[in-house]
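Work through the exercises below with the sequence and the structure at hand. Each task is followed by a solution in steps.

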Amino acid sequence: MTDELFVVEDLTVTLPTSRGPVDVVKDVSFTVGRDDTLGIVGESGSGKSMTALAVLGLLPPGARTSGSVRLDGRELLGQSEGELRSVRGNAISMVFQDPLSSLNPYYTVGLQIEEGYRAHRGGSKRAARQVAIEAMERVRIPDAARRVDDYPHQFSGGQRQRIMIAMALCCSPSLLIADEPTTALDVTVQAQILELLAELQTQTGTGLIFITHDLAVISSIARRVLVMCAGDPVEYGTAEQVFSDPRHEYTRTLLDAVPRIDDEVML
Amino acid sequence: MTRYVIGRLGGVVVILLAVCLFTYLIFFKLSPDPAVMICGKTCTPDRIDSIRDVLGLNQPLLTQFWEFLRGIVAGRDYGTVHCSAPCLGYSFQTNESVWNMLTTRLPVSITVAVGAAVLWLLAGVAGGLISAIKQGTWWDRSAMALALTGVSVPNYVLALVLQYVLVVKLQVLPFPAAPAFADNPVLWFESYLMPWTVLAVGYACLYARLTRANVIDTLAENFLRTARAKGLSRPLILRRHALRPALTPITTIFGMDFAGLLGGALITETVFGLNGIGKLAADSIAKNDQPVIMAVTLLAAFFVVVGNVVVDLVYTALDPRVRVTSS
Amino acid sequence: MTVAGPRTPTLLEVEEVGLAGDPGGGPPTSTGRILGKLARDKAALLCLVFLLIVVLMAVFAPLITKLSGWGPDEFDSGAINSDLGGVPHGSLGGISGEHWFGVEPQNGRDLFARIVYGARVSITIALSATVLTGILGVVFGLLAGFYRGWVDQAISRVMDFLMAFPALIFMIAILSSLPAGNRPVLLVVVISAFGWPYLARVIRGQTMTLANREFVEAARASGAKNVALVFREILPNLRGSIIVMTTLSVPGYIGTEAGLSFLGVGVTPPTASWGQMISSSVSWYSVDPMFFAIPGTFLFLTVLSLTVLGDKIRSVIDAGEAT
């Protein structure tokens, strides 16, 4: 933990609801190093996705945040929209759960990769297109030079998630946040995507935050684990610690439920 | 693709034939004897017979219908008079060629439709867009209240109110006279201004509501979150990622509405005395001028059915997910 | 309806905005909840009150006109100035204690009485047309969506045909060439004949979606008959769409009736209808604007109230299905 790429301290997120403001994330702290993977686990509604969105300033309107989020020592919380925009997709990228709905059906995947690259790096369309093709080759889309002009619906579910990853990595971010990236996929495809993420990470040295409700997935990829429940960080430690000696009742319940969670994925 | 288009056009022909036959049957059964109508007051049984003969009214109904259809494609002869294709017959009232009546009236209806469409697209889409972006603000609420009000005003009521206020009371506009554009551009514009507005108000309000709903739905899409997470600027996100998905369905509706208007804005044209297809329809109905009624019905149906095909083709071009399958 | 004129734009709108896709499989919003929500909304309440007044006027027309003193067909030559071509005496179209809304120019019929009786005609026609289109639309939509195959083909082609028809031109043409007969009934029949495909199209689509849902599959697997499936499993889930589409079509039909009467092919004089009153006011509107303003206002407010109410009901039902 000497090499602290990304530090979150006492992050609290408050959302306005019809019954008044509610803290959906309470005093969450964690760190991610270079080439390091943090797993955030919890059931849906536990605040894990809100944590990720808060980091990039993508919370719904009216949300308030407090605490500190630092990337390479630079504070992100409370920054202007313009500042945050230069970070999003550039230093910190994100991959979402459902690749089909996360890609705009009206544009080719090439354009959707290019536009992110050009927003941060500028350059000609031709150069950006080359970057897009290379990014697609890196995530092993066969025949990338041709398929760059295809639309999202023309790809399989696993390929779409690969494209999301290509899109996220095209600006060589120092931190990648993957929010349930394998949940919407078949089990065999899940394994391939996890393998790809791990491989890309060793190549690039990107820090990775992997958010999931699936403990089996976490144990295979994460070095450290943060368990969240109803907005509270209930457990934080190395993967071995958390899995072999869960301190908290909630973690134990989660661990007991592992086989059932796998069934849920199939739905 | 070509097969698809040919298939669709086949469907168009079938529907138009059905419309034709249906109209023909209804009016054949309902209307008073055309021969008596044409003959007028100074009439003898001999004359009625000869008129019947010339018009082919003595033949069985289906033969008459067939003659009518053949006339459209190949032209036909009424006694010594040749009516060249496309022949829709002659008006019982004025003896004018119905085809000529349509072609002289159509430009007026097109002018009315195009002007109104430009107005309502600009006002409706822009209004809806601003409302969606400023969702929940006073602008949004008042714009949507206004839109509901606008949808509820019957257009002839609006037409009469505008005419009363602008022409009679304030006298800022002349009574619509619809001269040719080249003769007097200013008067031309002033004449069409009210009809355009009257037609546009209802549609504009409708489109504002549609646009707002679609944009709000699109703003909640996951791919919009992706666009933000990529670090794109807000104008680019709106322009590229929100507008196209939100407005594509509106093109479909617009196509149908516009096609419908080309067949004549009956009430607006009647109220403002514009000699378009709509007024022609109203007049011919009032005078029971069968060939003309037949022709305007057919023309309006033609626009709607062809508009439908065009809209579907445009939609396949706009939405990459829609694939043409010939079914 | 794609013809300009007394459009029924709300029909179109419902198809595209509210109910385009998913009929929602959750429990339908209860009538009580809809009413409860509406009662707490000031605008909706205002509309309800206004509509209630109009309906009461329509129902108790003979009683009300007895109170006001003038029947709809009584001529009051004392109230008009025959020297000025029959313009009503006094300002504002002859509004007075005697004639609450003034009188018709030229013949001096009481406008209040004609509005009251006109409400009768407009509402009866609009409601009957709504009921008839509702029945036709739901039945044919269900048939096409549930049985598919040739049934669907046949019904869909008929719908294509009817929707391609220049309905307004045709309605006018048919009404003007038919013998006078019972005009209101004819109006209802003609309006419904061209109106049902718009509802049927939505019902058909939603039935197709519902027929594939797990709960329908389950019922089918447990041996339920087709009739039972349609009435117990599918119809209750379509309730929201049917309520919204039919409520939103009422103002359209009021407008259509008024429009047809405005064009002179609706109800025949001396029967009063709002559209027919507006129509006869056209030649007078520069000298006696009240003659136009009064029926115009009633028509507008009624259509507005119904539209607002329909809109509110839709948002209550949408919200109910979303949760």
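**Exercise 1.** Which residues touch the most other members of the largest nonpolar core?

Solution. The model is a predicted one, in which local features need pLDDT of at least 70, side-chain atom pairs count only at pLDDT 80 or more, and totals for chains, interfaces and linings use all residues. Residues are numbered from 1 along each chain as its sequence is written, while chains are lettered from A and ligands numbered from 1 in the order in which they are written.

Step 1. A residue is buried if 20 or more other C-beta atoms lie within 10 Å of its own, exposed if 12 or fewer, and partly exposed in between, with C-beta atoms placed from the backbone. A nonpolar core is a set of buried Ala, Val, Leu, Ile, Met, Phe, Trp, Tyr and Cys residues joined through C-beta atoms within 7 Å.

Step 2. The largest core has 155 residues, and those touching the most other members are B:V112, B:V296, C:I169, C:M171 and C:I172. Helix α5 (residues 111–147) of chain C gives the most to this core, 16 residues. Helices (H or I, at least four residues) and strands (E, at least two) are DSSP runs, numbered from the N terminus.

Step 3. Take one of these residues. Two residues are in contact if their C-beta atoms, placed from the backbone, lie within 7 Å. Beyond its neighbours within four places in sequence, B:V112 is in contact with residues including B:Y192, B:W196, B:L199 and B:L274.

**Exercise 2.** How many residues of chain B are in contact with chain C?

Solution. Step 1. The count is 47 residues of chain B, in contact with 46 residues of chain C.

Step 1. Sorted by class, the chain B side has 36 nonpolar, nine polar and two charged residues.

**Exercise 3.** Characterise chain C, then decide: is C:T31 buried or exposed?

Solution. Step 1. Chain C has twelve helices and two strands. Of its 323 residues, 52% count as buried.

Step 1. C:T31 belongs to helix α2 (residues 31–39) of chain C. C:T31 counts as exposed because it has 10 C-beta neighbours inside 10 Å.

Step 2. C:S241 is 210 residues away from C:T31 in sequence, and their C-alpha atoms are 13 Å apart.

**Exercise 4.** Trace the pairing of β1 and β2 in chain A.

Solution. Step 1. Strands β1 (residues 4–17) and β2 (residues 20–33) of chain A pair in the antiparallel sense over ten bridges. Strands pair if DSSP finds at least two bridges between them.

Step 1. A hairpin joins β1(A) to β2(A) through two residues. A:L15 has A:V22, in β2(A), as its bridge partner.

Technical notes
Nonpolar A, V, L, I, M, F, W, Y, C, P; charged D, E, K, R; others polar.
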